[in-house]
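Trainee: I would like to learn how to read the features of a model one at a time. Please take me through this one.

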Amino acid sequence: LLSVLGLALLTLAVSLSRDPSVAAAHVVALLVITCPCALGMATPLAMAVAAGRAARAGIFIKSDGVVQQLTEVNCVVLDKTGTLTEGTMTLVAATGDEAAIDLAAVLEKNSNHPIAAALQQARAPRLRRLGQADLPVEAFTAVHGSGICGRIAGHDVAVGRPGWIESLGGTPPAPLATALAGFSASGYTPVGVSVDGRFVAALAFGDRLRDSSVAFVRHLEASGKEVHILSGDHPDVVRTVAGQLGLPPEQAHGSVSPEEKHAFVERLRSEGKIIAMVGDGVNDAAALQAAHVGIAVHGGSTASKVAADVFMTRPGLEPL
């Protein structure tokens with residue numbers, strides 16, 4: 001061993017005096033030739049140790065190649081709800097037909113979306129008082145990135161993005177349209193409710209930014225990475241969040257469907273960028289797979305964890 005190290009130092013000295021640009025390559029070549037077994041073991045050992053330390057830090061890495069790929073990432077795409085925000089939505093405002101909002105809350109018991117949990121929690125006392133908490137839901141359908149619909153007590157009920165609700169045939173009356181615009185301008189997530197094809201209620205939900213989100217985005221930018229936000233929420237809401245994070249409006253993309261998220265990541269790849277996608281929902285799964293490295297945050301859906309190359313086992317963005 002001492003002889004090999006001596007030869008390596010001698011090679012380094014000679015190479016530096018002749019051509020410093022090849023000195024490192026000559027020393028490595030000497031070590032590879034003289035100690036192939038040791039160097040052959042070094043890389044997998046280093047990767048195993050790194051994976052173990054990552055696991056203790058709350059990061060589960062599925063394959064060693066991901067670690068190398070992460071060193072080359074120059075663009076990070078972030079989901080908003082549940083990733084940059086805590087994913088704990090609260091019902092901030094509701095306007096329109098109260099009975100329709102009750103039906104919407106009953107419908108939402110079939111969904112595990114944060115907005116569904118917030119609406120159920122807000123309306124649960126009223127539903128129990130009216131004896132409607134256990135109304136059966138028929139023909140329940142979830143449209144990823146848009147909303148849900150079903151049949152309750154003989155009525156066709158839909159809850160979701162206002163644009164999607166309108167596409168079902170229900171144009172909001174002027175008071176509701178004004179309310180929805182105000183919700184978006186205030187940075188809340190607007191949600192529409194239709195019953196039997198009529199747009200009859202507007203809801204606003206708030207979701208607090210994670211304490212670590214601002215520092216996380218600033219760290220990414222300081223390390224020279226381009227950062228984008230992709231969200232199914234209204235563009236005004238996404239721009240508000242981007243402003244809180246110090247990102248320019250052109251890097252905040254709202255009303256994006258799961259298919260559009262996938263297409264956005266593919267477009268960035270076609271431009272030669274090395275992409276890391278961070279998300280938590282079913283609607284992020286395709287984009288997570290399309291990215292060079294997909295990262296699912298703690299508390300995310302099973303689909304996001306399956307699609308991702310890395311997932312967090314601790315809450316928040318600190319592990320990442």
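Trainee: Is Ala153 buried or exposed?
Mentor: Burial is read from relative accessible area: buried means under 20%, exposed over 50%, and partly exposed in between, with a 1.4 Å probe and protein chains only. Ala153 has a relative accessible area of 59%, so Ala153 is exposed. The model is predicted, local features need pLDDT of at least 70, side-chain atom pairs count only at pLDDT 80 or more, and totals for chains, interfaces and linings use all residues. Residues are numbered from 1 along each chain as its sequence is written, and side-chain values use heavy atoms, with hydrogens and water left out.

Trainee: Where is Ala153 found?
Mentor: Helices (H or I, at least four residues) and strands (E, at least two) are DSSP runs, numbered from the N terminus. Ala153 sits in the loop between strand E5 (147-152) and strand E6 (155-160). Ala153 is not a glycine, yet its phi is positive, about 50°.

Trainee: What is the phi of Asp196, and where does Asp196 lie?
Mentor: Asp196, again not a glycine, has a positive phi of about 55°. Its place is the loop between strand E7 (189-195) and strand E8 (198-206). With 43% relative accessibility, Asp196 counts as partly exposed.

Trainee: Which side chain meets Arg151 in a salt bridge?
Mentor: The general idea is that side chains of opposite charge can pair when their charged atoms come close. The rule used here asks for a side-chain nitrogen of Lys or Arg within 4 Å of a carboxyl oxygen of Asp or Glu. Arg151 meets Asp156 at 2.9 Å, N to O. Asp156 is partly exposed at 41% relative accessibility, and Arg151 is partly exposed at 32%.

Trainee: How many salt bridges are there by this rule?
Mentor: The count comes to 13. Among them is the pair Arg208 and Asp211, at 2.6 Å, N to O. Arg208 is partly exposed with a relative accessible area of 46%, whereas Asp211 is exposed at 64%. Another salt bridge joins Lys273 to Glu271, with the closest N and O atoms 3.4 Å apart. Glu271 is partly exposed, at 43% relative accessibility.

Trainee: Which residues are linked in a network of salt bridges?
Mentor: Glu98, Asp102, Arg123 and Arg126 are linked in this way.

Trainee: How many positive and negative side chains does the protein chain have?
Mentor: Lys and Arg count as positive, Asp and Glu as negative, and His and the chain ends are not counted. A charge is placed at NZ of Lys, CZ of Arg, CG of Asp or CD of Glu. The protein chain has 24 positive and 29 negative side chains, and the centres of the two sets are 5 Å apart.

Trainee: Which residues is Thr83 in contact with, leaving aside its neighbours within four places in sequence?
Mentor: Contact means heavy atoms within 4.5 Å. With those neighbours set aside, Thr83 is in contact with Arg210, Val278, Gly279, Asp280, Val297 and Leu317. Thr83 is found in helix H5 (residues 80-84), and it is buried at 0% relative accessibility. Thr83 and Leu220 are 137 residues apart in sequence and 15 Å apart in space, C-alpha to C-alpha.

Trainee: Is Ser146 buried or exposed?
Mentor: Ser146 counts as buried, at 18% relative accessibility. It is found in the loop between strand E4 (137-143) and E5. Leaving aside its neighbours within four places in sequence, Ser146 is in contact with Gly160, Arg161 and Trp164.

Trainee: Where is the place of Gly224?
Mentor: Gly224 is in the loop between helix H10 (213-222) and strand E9 (226-230). At 58% relative accessibility, Gly224 is exposed. Gly224 and Glu108 are 116 residues apart in sequence and 42 Å apart in space, C-alpha to C-alpha.

Trainee: How many helices and strands does the protein chain have?
Mentor: The protein chain has 14 helices and 13 strands. Its radius of gyration is 26 Å, well over the 20 Å that the globule rule gives for 320 residues, so the chain is more spread out than a compact globule. That radius is taken over C-alpha atoms, and the rule is 2.2 Å times the number of residues to the power 0.38. Along the principal axes, the C-alpha atoms fill a box of roughly 85 × 35 × 30 Å. Of the 320 residues, 44% count as buried.
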